[in-house]
Amino acid sequence: MLGGVVIFQLSFIASALASIGLRFSEEPAYAIFKRWNARRTGNLTFHFKTESKNGFLIYQDDKGQCQYIYLSMADGQLRLRLKMGNCEETQTLHIGNKLNDGRWHKVTVQRDSAITSLTVDNLSNSTIYNGEVKNLIVKSDLIVGGIPWSTPLNDLSFPPIFYESNHYGFNGCISSITYSVNGRPTREAYLNHTKGTKLGCSDPCSKTGKCKNGAVCLYTSTGARCDCKGTRFEGTNCSEETSSIRLNGSGYVEFSARQEAGDVDPNEDDFGFHLKTSYDHGVIFTLLSHPNYLLIEMVDGKLKVKLYLGQEGPVVLVDERKVNDGRWHWVEFYRRLDVFTLKIDHNKISAKEKVSSMPFKPKIVYVAGGPRNVLKKSESKQNYTGYLQEFYFGKKKIFDSIVPTITDRRFAKIGTVIDGSITSEESSGSGCLLIGDDEDEECPTTDNSKGNVSKAELTSTTMQPTTELVPESVPTGVAVQKSLPQVVPFWVISAIVVVAAIAISVTLFFLYRWNSRYSGSFKPESSSSSCMNSPKHGAFVINPRIQVTVHDDRM
């Protein structure tokens, strides 16, 4: 019993040391952790800071055969060396610049079969193994900071590392080593033993609960901050819900991006958003810069991206996973030159296509649909119906400028665009929405006469009243698309006005002709009676006979 308690306490202390951080200063200094067995898939994450340009970070191998993975500092950059599979080639990645700035940096190594990715802070790079066997075999422990002097050279699959470790041992701090394997939950690495290290590395990101709702802690010159992107939350620790809108298929948002175009790289596109819907079709996002365009829509519940940059036909990316399940999904799309990537819930598909080198600087951005010239480029041919939240266009959060009211004159809400913080969903999760529901159950209704809500309460994330109200009566199900008022294009209104003007003009003309022919009421009266004696009137004029009788007063 006592032995079990001691072992548990030692385990707890080892995990605490790994998360608090170790300072590597004496030579030789090293730490041995339990093996990270990323044979096919897995993630390894740790934080470090140093002022040395070169240094040993992490090493694992198959104990003298040929496969290994080695991370180190090389001239201020982070370097990854990898030999896997049949060991035909050594893969090498370099990333970052001047990482020896004495600040904390976060490193992530991701294994996904043939693809190995390396990320430091917000920078990423990847390498692809072209051999037939995609496995990485590791048998040794996870060695951190340096190689122990007692390690036999025959046990090292990369023997030069022994020399590098003794001449360029790591001098700095390493903390928060965690890893996962084959999709299993992430766990802290277990520290077996260490030598030449000390406690005392204060890692600001190691504080429990600093960043909420799955946000990522990033290091800055003044400490640490939470990166809330992709979490649906914002604020110092990502605990406040972000702005959102709700659409019923009759509205969309328009944004004039001409002022933003100067800050946009014409060879890059980057945007992300959360969506929740149960509908099959709808245009979600469009960038226009005639004749080029970028469009993302939902077709049969699947996301489809179409990009046209002057080539023969548009580049099309389609993800086969359906997202119209009434749940929140995080969607990202980015383009780097001719490489296009679509990520849904952090699972990505990529394509590499040859496109025109024509600069693409968007002038107009449409969210949740658009006018006729936008819809005709799509396959769905209709506006989006559902929720959208945390919409990033580059570094700009679009919905912050339009919810609850428009605060930027470059934005316009066309049709019905509702503040998404006002919700009518029941706490039991029935799925009823005021904008339409495809379930058979009856959605809750509001009693406006009493100012109360029956069956479901309207709530707001800001707990403040809003100027935009939910429509009093909105049909449910598929009928919502047909029964709601649609936005009439400007050219239709102009054509109706022109036709009406022509009809009025023609009517007045015929009235004038009728009057002039039969009544002459439109002719002015003559000032002289001589016109009656004109030849053309002579045939019709009858001179009256006047008899004059003389009256004599004397009679």
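Colleague: Which residue is the bridge partner of Glu-254 in strand 30?

Modeller: Strands of a sheet pair through backbone hydrogen bonds, either parallel or antiparallel. Here Glu-254 has Tyr-366 in strand 30 as its bridge partner. Four bridges join strand 21 (residues 252-256) to strand 30 (residues 364-367), and the two run antiparallel. Strands are DSSP runs of E with at least two residues, helices runs of H or I with at least four, each numbered from the N terminus; two strands pair if DSSP finds at least two bridges between them. This is a predicted model, in which local features need pLDDT of at least 70, side-chain atom pairs count only at pLDDT 80 or more, and totals for chains, interfaces and linings use all residues. Residues are numbered from 1 along each chain as its sequence is written, and side-chain values use heavy atoms, with hydrogens and water left out.

Colleague: What is the order of the strands in the open sheet?

Modeller: The seven strands follow the order 26-25-24-23-30-21-33, with antiparallel pairing. Strand 26 (315-322) and strand 33 (411-414) each have a single partner strand, so one side of each is left without a neighbour in the sheet.

Colleague: With which residue does Glu-164 form a salt bridge?

Modeller: A salt bridge is a side-chain nitrogen of Lys or Arg within 4 Å of a carboxyl oxygen of Asp or Glu. Glu-164 forms one with Arg-81, the closest N and O atoms being 3.4 Å apart. Glu-164 lies in helix 2 (residues 160-167) and Arg-81 in strand 6 (residues 77-83), so the pair ties together parts 83 residues apart in sequence. Arg-79, Arg-81 and Glu-164 are linked in a network of salt bridges.
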